[in-house]
Amino acid sequence: MRNQKTFVLVHGSWQGAWSWDGVRDRLRGHGHRVLTPALPGRGAFDEDRSWIGHDDNVAAVLAAIDAEGTGPVVLAGHSLGGVTISQVADQRPGKVAQLIYCDAFALEDGESVGDAMPEQMRTAVRELAATRADRSIPMPWELWRANFIQTASEQLARESFRRLVPDPYRPVFEPIRLQRPVHRELPASFLAFTHDQAVPPGPAFWHPGMSGRLNGARVAEIDGDHEILLTAPERLADALHDAANTPA
């Protein structure tokens, strides 16, 4: 297929490769190849995650890209996955045809996700981390239901919550290192979710808060909450397909 792309989809916090299942299937229906690497620490709920840092997340994605052995890929990241795709692109710029940030963090060199968070949220995340020996960050049900997946049915919210695992601490609070501002130098798009309440003050945190860091890159607004990859996967997949086929 002439317009076939290879998508590499990088999940965000608390989730795993499974969170992309609906999006992956829809993209394959469009004729694309799709890779959904799992970041480290996505196994048992109580496994030790204290060792996991940025380099480990990046290595997992690079291994998937290198094993595929195809030409440049469309590299998309959701939420915290944006941090990983920026670092992957920094290490393999020739392997990336386009970056797509899906309500995702677009950080500068030397910045951490914690730095970009509002102070109230940063404090809450640190308090959650203090409840576990390895400092990994659990997701409270109330926060998941009210702020991340508020448009879902109760069944979907409960079923997805049962699959969540605590998120490693270090990739949230350790600064990233970039040799170049890849989110401005490489072709990039931003998919903004209009009902995203995951980070105060709401949708504006992501757009224009994060999207504005891409220096005029194409922005597409999509009707959905932060977990649109679970609540409306076909809608997100179609937006990814459109973004990949539109000059950034």
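This is a predicted model: local features need pLDDT of at least 70, side-chain atom pairs count only at pLDDT 80 or more; totals for chains, interfaces and linings use all residues.
Residues are numbered from 1 along each chain as its sequence is written, and side-chain values use heavy atoms, with hydrogens and water left out. Helices (H or I, at least four residues) and strands (E, at least two) are DSSP runs, numbered from the N terminus.

**The sheet**

- Six strands form an open sheet with parallel pairing, in the order E2-E1-E3-E4-E5-E6; two strands pair if DSSP finds at least two bridges between them.
- Strand E2 (33–35) and strand E6 (218–222) are at the edges with a single partner strand each, so one side of each has no neighbour in the sheet.
- On average, neighbouring strands of the sheet are turned by 20 degrees against each other, direction ignored.
- Strand E4 (residues 96–102) pairs with strand E5 (residues 188–193) in the parallel sense over 4 bridges.
- Opposite Leu-191 in E5 stands Cys-102.
- Helix H3 (residues 81–91) packs on the sheet and touches strand E1 (6–10), strand E3 (73–78) and E4, where contact means heavy atoms within 4.5 Å.
- The direction of H3 makes about 150 degrees with that of E3; axes are lines fitted to C-alpha atoms, for helices over the stretch in contact, and angles run from 0 to 180 degrees between N-to-C directions.

**Helices H2 and H3**

- Two packed helices are described by the angle between their axes and the distance between the axes.
- For helix H2 (residues 54–68) and H3, the angle is about 65 degrees and the axes are 9 Å apart.
- H2 passes H3 in a right-handed crossing; a crossing is left-handed if the near helix is turned anticlockwise from the far one by less than a right angle, and right-handed if clockwise.
- H2 contributes His-54, Asn-57, Val-58, Val-61, Leu-62 and Ile-65 to the contact, and H3 contributes Val-83, Thr-84, Gln-87, Val-88 and Gln-91.
- These residues divide into 6 nonpolar, 5 polar and no charged; Ala, Val, Leu, Ile, Met, Phe, Trp, Tyr, Cys and Pro count as nonpolar, Asp, Glu, Lys and Arg as charged, and the others, Gly among them, as polar.

**Helices H6 and H7**

- The axes of helix H6 (residues 141–148) and helix H7 (residues 154–161) come within 11 Å and cross at roughly 130 degrees.
- H6 is therefore oblique to H7; angles under 35 degrees count as roughly parallel, over 145 as roughly antiparallel, 65 to 115 as roughly perpendicular and the rest as oblique.
- The crossing of H6 and H7 is right-handed.
- From H6, Trp-141, Trp-144 and Arg-145 meet Glu-154, Ala-157, Arg-158, Ser-160 and Phe-161 of H7.
- By class, the contact of H6 with H7 holds 4 nonpolar, 1 polar and 3 charged residues.

**Aromatic pairs**

- Rings of Phe, Tyr and Trp (its six-membered ring) pair if their centres lie within 6.5 Å; planes under 30 degrees apart count as stacked, over 60 as edge-to-face and the rest as tilted.
- The count by this rule is 7 aromatic pairs.
- Trp-141 and Phe-161 have ring centres 5.4 Å apart and planes at 70 degrees, so this pair is edge-to-face.
- Because Trp-141 lies in helix H6 and Phe-161 in helix H7, the pair ties together parts that are 20 residues apart in sequence.

**Backbone in the loops**

- Most residues other than glycine have a negative phi, and most peptide bonds are trans.
- Pro-200 and Pro-201 are joined by a cis peptide bond, with omega about 10 degrees.
- Another cis bond runs from His-207 to Pro-208, with omega near 20 degrees, and Pro-208 is in the loop between H10 and E6.
- Trp-14, a residue other than glycine, has a positive phi near 70 degrees and lies in the loop between E1 and helix H1 (21–29).
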